Amino acid sequence: MNELYNGGNTPGVIQDALQLNGLIPAKAGQTSFATMALNGYYSGDLEAKTVMVMFNPGCDVSVANSNLPNELQKRNMKNAVDFANFHDYSKNYGHYDRLRQDAFDLKQAFFLKSWQNSGIAIPKSLCANSGKQAKLDSKEIVLTQKLQLDLIPYASSKFEEFTGNISLVFPFLETLFDAIFSFPRKYVIFCSGKFETIFKEYEKANPGTISCIRKAKKKIPGRENAVSCSVITVKYQSKEIRAIIANTFHDRSLPNAYNQMEAYGEFCYQEFIKP
């Protein structure tokens, strides 16, 4: 974030974000990813047993680039290199955000409800008809007791496809692996089908690092299309983990469909624990 701080004078430009321009479609006049905003590498417990990996923080690039003063104030940061307060906010984001309703964050709790010994104390009584406070409490629990990582820590509005060189994200992927392999993990869940595309290209460049154990699909009640996942192994710096790619996690037909998300999570869990 030293680039962003730019000596404390004027806002700087994050060169790593700038170099990703063209990787995904961008709006006219914008870069693919925000270049003048605080990054979003992680939130939650860095030593958590359960890790959920998203692709990147979602926000319109122009909004993210213009919002640095507000983001610094929200985190009680003196400047963009005030790392102590940056990490405090990241670790305790779920607590700071406990009063805000958010369907995307809450659906993580429903997805993980069936995962045994995850280190996340999601109430067994949580259901789609739970009251507002119960849902807010569950959202806080899942955000604080798991580790959430973002592959690319720079904001973009959305992306439907890759248009540039995927190898540009390899350094970010290895930063992700560094974090994942730093502590013992029980569950590692990559929450986007786009990881399959990236892992395929990374494996070509680094043979023997990522292999697929199996792919699975299932029809669940309330959905016309089947949900899917892929169980994989990742080898990195002489260590190995089992992980899963929850391909359907970001499906736009599952924004508030908590029953379906719970069923999808149960399906992914059962696939993960199979020999």
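**Strand 4**

I began with strand 4 (residues 187–190): Tyr187 and Ile189 point one way, Val188 and Phe190 point the other way, and all are buried. Buried means under 20% relative accessible area, exposed means over 50%, and partly exposed lies in between (1.4 Å probe, protein chains only). I am reading a predicted model, where local features need pLDDT of at least 70, side-chain atom pairs count only at pLDDT 80 or more, and totals for chains, interfaces and linings use all residues. Residues are numbered from 1 along each chain as its sequence is written, and side-chain values use heavy atoms, with hydrogens and water left out.

I took helices (H or I, at least four residues) and strands (E, at least two) as DSSP runs, numbered from the N terminus. Next I looked up the partners of strand 4. Strand 2 (residues 50–54) pairs with strand 4 in the parallel sense, over 4 bridges. Pairing requires that DSSP finds at least two bridges between the strands. Valine 53 stands opposite phenylalanine 190. Strand 7 (residues 239–245) also runs parallel to strand 4, joined by 2 bridges. There, isoleucine 245 is the bridge partner of phenylalanine 190.

**Serine 118**

I found serine 118 in the loop between helix 7 (103–112) and helix 8 (132–145). Is serine 118 buried or exposed? Serine 118 counts as buried because its relative accessibility is 2%. Its side chain reaches the backbone nitrogen of isoleucine 120 at 3.2 Å. I then listed what serine 118 touches, not counting residues up to four places away in sequence: Lys49, Thr50 and Tyr187. Contact means heavy atoms within 4.5 Å.

**Glycine 22**

I placed glycine 22 in the loop between helix 2 (15–19) and strand 1 (42–44). At 34% relative accessibility, glycine 22 counts as partly exposed. Glycine 22 is 140 residues from phenylalanine 162 in sequence, yet their C-alpha atoms are 8.5 Å apart. With neighbours within four places in sequence left aside, glycine 22 contacts Ser32, Thr163 and Gly164.

**Helices 9 and 10**

Last, I checked how helix 9 (residues 170–180) packs on helix 10 (residues 194–205): the angle is about 95° and the axes are 11 Å apart. That makes the two helices roughly perpendicular, a label for angles of 65 to 115 degrees. Helix 9 makes the contact with Phe170, Leu173, Glu174 and Phe177, and helix 10 with Ile198, Phe199, Glu201, Tyr202 and Ala205. I noted 7 nonpolar, no polar and 2 charged residues in this contact.

Definitions and conventions. Axes fitted to C-alpha atoms, helices over the stretch in contact; angles between N-to-C directions. Parallel < 35°, antiparallel > 145°, perpendicular 65-115°, else oblique. Nonpolar A, V, L, I, M, F, W, Y, C, P; charged D, E, K, R; others polar. Polar contact = N/O pair within 3.5 Å; in protein donor to acceptor, adjacent residues only side chain to side chain.
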